[in-house]
Amino acid sequence: MQSMARFLAIFSFETQEQPDMCKLCWTLLILLVLAVAGVAYKVIVVGKVELAEDGRQALKLTPGERNLVLGEMRDFLVAVQGIIEATNREDMGAAAAAARRVGMAAQTAVPPALIAKLPLEFKKLGFDTHRKFDALALDAEQLGDPGHTRGQLATLMGNCIGCHASYSLVAEGAGQ
Ligand code: HEC
């Protein structure tokens with residue numbers, strides 16, 4: 001009888017101890033999940049931004065990263081000019097070719113370190129712009145209607161305006 005009582009005492013000791021252990025495990029697990037979620041939120045959604053004097057969000061990049069983004073921007077401008085010029089000549093093949101040069105497939109590989117610095121909204125606008133150039137190219141070929149293509153270009157350029165109104169690029173000290 002006595003040994004039975006001792007057994008039960010041990011058992012009850014263990015059942016009391018077990019929930020405490022579990023509580024610790026769960027607390028650690030939750031903290032870990034929160035930490036991972038926090039890092040993921042910072043990397044995927046927030047990026048490396050700072051409110052600039054002109055009221056826009058300044059993306060803080062290295063000089064090399066800034067040059068990469070600006071190079072892509074100048075390609076966008078070349079494409080816009082090419083599309084307008086081609087639609088004026090009603091050369092829809094040339095309009096499609098100009099748009100494809102800045103479509104999804106032509107997008108330069110963006111280094112992961114740069115992606116981590118870009119806010120989600122910026123990435124979405126960027127992807128959507130490449131996608132809209134592809135859609136414009138496809139329609140230019142399939143419909144062959146300069147008016148339709150110019151309409152698509154006008155809509156697409158809403159992305160250029162929207163992003164430029166919200167963001168600027170700032171190069172942090174060289175060599176970073
Ligand atoms: C996802 C955001 C985004 C989109 C979309 C976007 N831009 Fe930009 N662009 C920027 C930022 C940020 C800058 C730098 C502005 C600054 O620092 O003041 C920039 C700069 C530029 C520059 C200056 C390049 C240089 O060498 O200084 C040109 C030209 C340009 N964009 C053209 C375009 C055109 C044309 C489109 C649309 C077809 C477009 N951009 C779409 C974000 C964007």
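**The ligand and the packed helices**

Tutor: Among the 18 residues around the ligand, Met73, Phe76, Cys160, Cys163 and Ser168 come nearest; a residue is near a molecule if its C-beta atom, placed from the backbone, lies within 6 Å of it. Two or more residues of this shell come from each of helix 2 (63–88), helix 5 (120–143), helix 6 (146–166) and strand 3 (167–171). Helices (H or I, at least four residues) and strands (E, at least two) are DSSP runs, numbered from the N terminus. This is a predicted model, in which local features need pLDDT of at least 70 and side-chain atom pairs count only at pLDDT 80 or more, while totals for chains, interfaces and linings use all residues. Residues are numbered from 1 along each chain as its sequence is written.

Student: Which element gives the most to the shell around the ligand?

Tutor: Helix 2 does, with 6 residues.

Student: How is the packing of two helices described?

Tutor: One states the angle between the two axes and the distance between them. Axes are lines fitted to C-alpha atoms, for helices over the stretch in contact, and angles run from 0 to 180 degrees between N-to-C directions. Here helix 5 and helix 6 pack at about 170°, with axes 10 Å apart. Helix 5 is therefore roughly antiparallel to helix 6, a term for angles over 145 degrees.

Student: How many helices and strands are there in the protein?

Tutor: The protein has 6 helices and 3 strands, in the order α-β-β-α-α-α-α-α-β from the N terminus.

How values were computed. Angles under 35 degrees count as roughly parallel, over 145 as roughly antiparallel, 65 to 115 as roughly perpendicular and the rest as oblique.
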